[in-house]
Amino acid sequence: DIMRTYYIFNVNRYFSYMYKNKPFKMYKMFEEIYYSKSYDSLNTYRNFETVAVPFNKIMLNEYIYYEFKLKYGYKRNGNKHNLNTSENSTLQINNYNIKLITENNYSIFFKYLNNYNNNLFVCDFENMDYFWLCKLYNKKSSVELVK
């Protein structure tokens, strides 16, 4: 199976409002930061800070843990959440992004992250795939997402 790596960003209210219907432009901003040779430079970090808001790691980790703790095949190790069920996925919660590695095109984690926050923007830089998480759920029924 091909694994996909998604980076999920918490976009601030202003950029969410401005780019809700312009996902390509939003993607281009994150792509530029992601591929920036000076990824660690202060300037890149400042650009990033204007667009994205840090995650409350403690709250988000607890929320994910609470939602999944009783599910078979779920394990947590600090900021890392592993699912080994109908899907094989790892969710890593960082300060400025969530990294999701999954063998599916869509992960069950998406549904819970969307319930937690509706300003999340998802990028798969390797496959040039991107979307607003909330738009995914407005268009599709939850039945389609299980596949």
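I started with the sheet: seven strands make an open one, ordered β2-β3-β4-β5-β1-β6-β7, with antiparallel pairing (two strands pair if DSSP finds at least two bridges between them). β2 (74-77) and β7 (129-132) sit at the edges with a single partner strand each, so one side of each has no neighbour in the sheet. From one strand to the next, the twist averages 15°.

A note on what I'm looking at: this is a predicted model, where local features need pLDDT of at least 70, side-chain atom pairs count only at pLDDT 80 or more, and totals for chains, interfaces and linings use all residues. Residues are numbered from 1 along each chain as its sequence is written, and side-chain values use heavy atoms, leaving out hydrogens and water.

Helices and strands are DSSP runs, numbered from the N terminus (helices H or I, at least four residues; strands E, at least two).

Next I checked helix α4 (residues 57-68), which packs on the sheet and touches β2, β3 (80-84), β4 and β5 (contact means heavy atoms within 4.5 Å).

How far should α4 span? At 1.5 Å a residue, its twelve residues should span 16 Å, and the end C-alpha atoms are 16 Å apart, which agrees (the expected span is 1.5 Å times one less than the number of residues).

Then I looked up which α4 residues are buried: Leu60, Asn61, Tyr63, Ile64 and Phe68 (buried is under 20% relative accessible area, exposed over 50%, partly exposed in between, with a 1.4 Å probe and protein chains only). The face turned away from that buried side carries exposed Ile58, Met59 and Tyr66. The buried residues of α4 pack against β2, β3, β4, β5 and α5 (108-116).

Note on methods. Axes fitted to C-alpha atoms, helices over the stretch in contact; angles between N-to-C directions.
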